[in-house]
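These are notes for a colleague who is opening this structure for the first time. Please keep the sequence and the 3D view at hand while reading.

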Amino acid sequence: MGRQIRKSKGKTMKPNFFVFCEGESEVAYISHLRSQYRVPIQIIPKKSDSNISVRYIENCKREYIVTENDKTFLMYDLDVDRMLVHLQSIPDTILLVSNPCIELWYLLHFEDCHAELTQNVCIKKLKRHLDHYTKGSLLLFEKQQLSERVSDAAIRAKNLVSYNNPSTTIYKIIELLERL
């Protein structure tokens, strides 16, 4: 009896999530999501946030195998004038924006927030829940607390008016990751 030839099951690649972001705090959070959900998230930090453009995005994506289901995210703080208008002008992207800063997203894991905030006030409030928080890094127990309360944060974020202060749309990437 001859050997049978095995047929390929036609594996499909998981979509890439390209996350263009501005700072170390965003990189720390997205790295945490990448390890938690085990999906191909490509983190592309860019210090000069106002220079993000279609050309820059396309050049960065050339280094990867791109699929038709890939998603491109722009993760920026809206504490800079005209930033929202600039980001909205870039087509085929999902905005993961926070006003005033990403720490608002972290804060929403623990409490509601409706009053306008500055970045400093937001971090000060966050430190009541995460004593050792420092901008640009997340300790293991901080990651665990954020993971445990992410659904609370998403509910609170959805109750805020998008792009106003305070607001964040980071929950959008969480919803997509949960569906995978």
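1. Aromatic pairs come first, with their rule. Rings of Phe, Tyr and Trp (its six-membered ring) pair if their centres lie within 6.5 Å; planes under 30 degrees apart count as stacked, over 60 as edge-to-face and the rest as tilted. Five aromatic pairs turn up in a search of the whole structure. One of them joins Phe20 and Tyr56 edge-to-face, with 6.0 Å centre to centre and 70 degrees between the planes. Phe20 belongs to strand β1 (residues 17–21) and Tyr56 to helix α2 (residues 54–61), so this pair ties together parts that are 36 residues apart in sequence. Helices (H or I, at least four residues) and strands (E, at least two) are DSSP runs, numbered from the N terminus.

2. The model is predicted: local features need pLDDT of at least 70, side-chain atom pairs count only at pLDDT 80 or more, and totals for chains, interfaces and linings use all residues. Residues are numbered from 1 along each chain as its sequence is written, and side-chain values use heavy atoms, with hydrogens and water left out.

3. Phe20 counts as buried because its relative accessibility is 0%. Tyr56, at 22% relative accessibility, counts as partly exposed.

4. Another edge-to-face aromatic pair is formed by Tyr106 and Tyr133, at 5.7 Å centre to centre and 75 degrees between the planes. Tyr106 sits in helix α4 and Tyr133 in the loop between α5 and α6, so the pair connects parts that are 27 residues apart in sequence. Both Tyr106 and Tyr133 are buried. Ring pairs also link Tyr29, Tyr106 and Tyr133 into a cluster.

5. Helix α5 (residues 119–126) has Cys122, Ile123 and Leu126 as its buried residues. They lie on the same side of α5, because they cover an arc of only 95 degrees around the axis; the arc is that of the directions from the helix axis to the C-beta atoms. Asn120 and Lys124 are exposed on the other side of α5. An α-helix has 3.6 residues a turn, so residues three or four places apart point the same way. The buried residues of α5 pack against α4 (103–107), where contact means heavy atoms within 4.5 Å.

6. In helix α7 (residues 150–158), the buried residues are Val150, Ala153, Ala154, Arg156 and Ala157. Seen down the axis of α7, they fall within an arc of 165 degrees, so they line one face of the helix. Their cover includes α1 (24–37), α4, α6 (140–148), β6 (167–168) and α8 (171–179).

7. Arg156 of helix α7 is buried, with a relative accessible area of 19%. Which side chain makes a polar contact with that of Arg156? The partner is Asp112, at 3.5 Å. A polar contact is a pair of N or O atoms within 3.5 Å; within protein, one must be able to donate a hydrogen and the other to accept it, and residues adjacent in sequence count only if both atoms are side-chain atoms. Leaving aside residues up to four places away in sequence, Arg156 touches Leu108, His109, Phe110, Glu111 and Asp112.

8. A nonpolar core is a set of buried Ala, Val, Leu, Ile, Met, Phe, Trp, Tyr and Cys residues joined through side-chain atoms within 4.5 Å. The largest one has 42 residues, and Tyr29, Trp105 and Ile173 have the most contacts inside it. At least two residues of this core come from each of β1, α1, β2 (41–45), β3 (71–75), α4, α5, α7 and α8. Another core, of 14 residues, lies apart from it and includes Phe18, Ile44, Ile52 and Val97.

9. Ser98 is placed in strand β5 (residues 98–99) and counts as buried, at 1% relative accessibility. The side chain of Ser98 makes a polar contact with the side chain of Thr168 (2.8 Å). Beyond residues up to four places away in sequence, Ser98 touches Tyr76, Asp77, Leu78, Ser167, Thr168 and Ile170.

10. How many disulfides are there? With a disulfide taken as a pair of cysteine sulfur atoms within 2.5 Å, the count comes to zero. The sulfur of Cys21 is 11 Å from the closest cysteine sulfur, in Cys60, which is too far for a bond. Cys21 counts as buried at 0% relative accessibility, and Cys60 counts as buried at 12%.

Definitions and conventions: Buried < 20%, exposed > 50% of the residue type's maximum accessible area, 1.4 Å probe, protein only.
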